[in-house]
Amino acid sequence: MFPRQLIASLIVGLCLLVLIVRMVQRGHMDIAYCWLWLGIGGGICAVVLHYDWLVGLSDLIGSKTPTTTLFLLGFVVLLLLCLQFSLVISTHRRQIKRLTQHVAMLDSRAGSSGDGGSRTQEQPGSPS
Amino acid sequence: MSSERLLVILPAKDEQGRIGAVLDAVRRVLPNADRVVVDDGSDDATVAEAARCGASVLSHAVNMGYGASLETGYRYAVRQGYGLVAQMDADGQHLAEELPVLLEAVKRGDVDIAIGARHGAGLRGSATRRAGQLFFSTLLLACTRRWFGDPTSGFQALGPRAVQFFSSGVFPCDYPDADVLLMAHLAGLRIREYPVRMRPRAGGRSMHAGLRPLYYGAKMVLSLFIALLNAGTWKAWRRRFGDGG
């Protein structure tokens, strides 16, 4: 790596780390979802400071150049981020569904005038 | 807020068969205290058992975590005007007979947070867990210059300033332990540990089971770091609400 590339990459890595920590500090990002981003920032800094690790990894996976390895790693990281988002969205969808059903039943109970509206009661913990 | 009104908060998830005895013990030891069970999405009859014992029940529609359950209890306490709050686990580990020890310290005005610290190595779990507790106690010592032997104890009594602070949105959703103590210390709350007896967990699944300790350790280190970065925020809170004494 050329010195300018090293310095630019190190700045990017450090800025990303500082940005993520600041976002967590200010409550914009929950700690539970910051680990991959911290890993990316830390990974960039690690590659810059130990370029031989990248060269070694390239040899291990059979990449012709370390640049190819970097692109591959970047692609894998993006895949992992997308996978994390899918899992989180799925969890939130289940929770929103449960909350929506809960609100609907509370609404029904509060304004109950129809058949059985005041007699039925949701049991917390019942399967949704 | 009335300093005379006492609320005992019991966060619970799937504690059927255990919570009834805990609630009865609290009623026996503190007949004038109100009890609230914060049900965090139980799949069993925890809510029904708590209601049969005459406790108020706040049910989360979805599972939000131990910290969120405690915060629900604190917000309920503030909204209902309780000046004194005690919190304990619903699984039978914490003895209601030890609550007066913690409450007296808070009532006297000596402390804002009285923590019931378990003593006796046998009650602190596996060697890994004890090593983890020692690690976080040491980190807290470095940050606060005070030793907390049991930083993960959820057996506590809180005065009005502590309840107000914890209900202001600072409480983490999942594992509120050493980071919460650090935040409270930086906000000027007076914290002290008192040795208490505890029982081994009567059953059910611990929130620290499985691979969670790995996540817990990493999260706690980062959380402590973030709490230190936010020292200015906690000091502003201290200026706004005053020192305890």
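Which residues does Ala184(B) touch, not counting residues up to four places away in sequence? In this predicted model, the partners are Ile113(B), Ala162(B), Phe165(B), Leu189(B) and Ile191(B).

Now step back to the core. The largest nonpolar core holds 68 residues. Ala184(B) is among the members that touch the most other members. Met183(B) belongs to that group too, along with Leu10(B), Val37(B), Val85(B), Ala86(B) and Val106(B). Which helix gives this core its largest share? That is α7(B), with seven residues.

Next, follow helix α7 of chain B, residues 178-186. Its axis and that of α8(B) come within 9 Å. The two axes cross at roughly 10°. Angles under 35 degrees count as roughly parallel, so α7(B) is roughly parallel to α8(B). From α7(B), the contact uses Ala178(B), Asp179(B), Leu182(B) and Met183(B). From α8(B) come Met220(B), Ser223(B), Leu224(B) and Ala227(B). By class, the residues of this contact are six nonpolar, one polar and one charged.

Finally, look at where the chains meet. On one side stand 15 residues of chain B. They are in contact with nine residues of chain A. Helix α8 of chain B, residues 212-229, supplies five residues, the largest share of the chain B side. That side has six nonpolar, five polar and four charged residues.

Note on methods: Residues are numbered from 1 along each chain as its sequence is written. Chains are lettered from A and ligands numbered from 1 in the order in which they are written. This is a predicted model: local features need pLDDT of at least 70, side-chain atom pairs count only at pLDDT 80 or more; totals for chains, interfaces and linings use all residues. Two residues are in contact if their C-beta atoms, placed from the backbone, lie within 7 Å. Helices (H or I, at least four residues) and strands (E, at least two) are DSSP runs, numbered from the N terminus. Ala, Val, Leu, Ile, Met, Phe, Trp, Tyr, Cys and Pro count as nonpolar, Asp, Glu, Lys and Arg as charged, and the others, Gly among them, as polar. Axes are lines fitted to C-alpha atoms, for helices over the stretch in contact, and angles run from 0 to 180 degrees between N-to-C directions. Angles under 35 degrees count as roughly parallel, over 145 as roughly antiparallel, 65 to 115 as roughly perpendicular and the rest as oblique. A nonpolar core is a set of buried Ala, Val, Leu, Ile, Met, Phe, Trp, Tyr and Cys residues joined through C-beta atoms within 7 Å. A residue is buried if 20 or more other C-beta atoms lie within 10 Å of its own, exposed if 12 or fewer, and partly exposed in between; C-beta atoms are placed from the backbone.
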